[in-house]
Amino acid sequence: METIEAVEDLLSGQDYVAGRALATVVFLAMRLNRPLFLEGEPGTGKTEIARAIASGLGRRLIRLQCYEGLDVAQAVAEWNFAAQMIAIRSAEATEAAARRQDLFTEEFLIERPLLQALRPQPEGPPVLLIDEIDRTDEPFEAFLLEALSEFQVTIPELGTIKAPEPPIVILTSNRTREVHEALKRRCLYHWVDYPSFERELEILQARAPEASQALSREVVAFVQRLRQEDLFKKPGVAETIDWAKCLLALDVIALSPQVIADTLGAILKYQEDIARLQSSEALRLLNEARSGLAAP
């Protein structure tokens, strides 16, 4: 990518509507070979941008989904003990001790996402998505410092494996906890917030073009008003898109309290939140959303 505008075009070609600030930090991350740390509320498109970049560039997307208890072996590589045992048994008739070192070769290595991302790919360096890094433990963060600083990992039996060309690395965080400053320092940072009305409408029109302008505006206005409520989990842009597609499948041309009540499961994922939006509350929010649309 030679310009920020080229990045905007690449993302737009994948129906990802990015603001100038996000396109700029993506451009810099790719130009400087720096990991990109995207932090923000769930459902704001952090994960989707990795898919858009990979698809737009024709590169492989390698995803490491983080979770509590994730360790180095699960992220980098594990030895295939079953295959090693078969090799040992097949060598029992020979000098097994002489075969011992042969068990720790790449033939018996199961590569996990981080090691896969360091391997050369025919289409070019892959996009490595380290998703929801805030779900992992601090020891794993400490391990990532080497991997993201030098784009290399060390396997004791094989030595250090370094990427011939650095992958495009994107880390995401929903900020369920603070990620260590040392890891953030190795990345370019961008906060991904809920979009403005105009940008969310543009996103919806790109991802659900079958929806009429009137319905799209009502959907976005209602979701934006809904985010102002004290909810356990506020709907993200992904939920806005899902809801619009559900409404289209039901041949809905305009919102109503009954339609909202029937389809709340597309935008709210907790019963406590759904229970709050019974008919009177849904009508109130719908009227307020429509008032906002009518305002000059």
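Arg225, Glu229, Arg276, Glu281, Arg284 and Glu288 are linked in a network of salt bridges. Keep in mind that this is a predicted model. Is Arg225 buried or exposed? Arg225 is buried, with a relative accessible area of 14%, whereas Glu288 comes out partly exposed at 31%.

How many salt bridges does a search of the whole structure find? It finds 21. One of them joins Arg20 and Glu5, at 2.9 Å from N to O. Because Arg20 belongs to helix 2 and Glu5 to helix 1, residues 4-12, that pair ties together parts that are 15 residues apart in sequence. Arg20 is partly exposed, at 44% relative accessible area, and Glu5 is partly exposed too, at 38%.

Then there's a salt bridge inside a single helix. Arg185 pairs with Glu181, with the closest N and O atoms 3.6 Å apart. Both lie in helix 9, residues 181-185, and they're four residues apart, which is about one turn of the helix. Arg185 is exposed at 53% relative accessibility, and Glu181 is exposed at 54%.

Five strands make an open sheet in the order 2-5-8-1-9, with parallel pairing. Strand 2 (61-65) and strand 9 (188-192) are at the edges with a single partner strand each, so one side of each has no neighbour in the sheet. From one strand to the next, the twist averages 20°. Strand 1, residues 36-40, is joined to strand 9 by five bridges, and you can find Phe37 standing opposite Tyr189 in strand 9. Helix 2, residues 20-32, packs on this sheet and touches strand 1, strand 8 (168-173) and strand 9. The direction of helix 2 makes about 155° with that of strand 9.

There's also a hairpin to spot: strand 6 and strand 7, with three residues between them. Those two pair in the antiparallel sense over four bridges, and Gln152 has Lys162 in strand 7 as its bridge partner.

Now for the greasy bits. The largest nonpolar core has 35 residues, and those touching the most other members are Leu114, Ile130, Ile133, Phe140, Leu144 and Leu171. Several elements supply at least two residues each, including strand 2, helix 7 (113-118) and strand 5 (127-131). Which element gives the most to this core? That's helix 8, with five residues. A second, separate core has 32 residues, among them Leu231, Ala244, Leu264 and Ala289.

Last stop, the cysteines. A disulfide is a covalent bond between the sulfur atoms of two cysteines. A search of the whole structure finds zero of them. Cys187 is buried, at 7% relative accessible area, while Cys246 is partly exposed, at 33%.

Notes. Residues are numbered from 1 along each chain as its sequence is written. This is a predicted model: local features need pLDDT of at least 70, side-chain atom pairs count only at pLDDT 80 or more; totals for chains, interfaces and linings use all residues. Side-chain values use heavy atoms; hydrogens and water are left out. Two strands pair if DSSP finds at least two bridges between them. Axes are lines fitted to C-alpha atoms, for helices over the stretch in contact, and angles run from 0 to 180 degrees between N-to-C directions. Contact means heavy atoms within 4.5 Å. A nonpolar core is a set of buried Ala, Val, Leu, Ile, Met, Phe, Trp, Tyr and Cys residues joined through side-chain atoms within 4.5 Å. Buried means under 20% relative accessible area, exposed over 50%, partly exposed in between (1.4 Å probe, protein chains only). A disulfide is a pair of cysteine sulfur atoms within 2.5 Å. A salt bridge is a side-chain nitrogen of Lys or Arg within 4 Å of a carboxyl oxygen of Asp or Glu.
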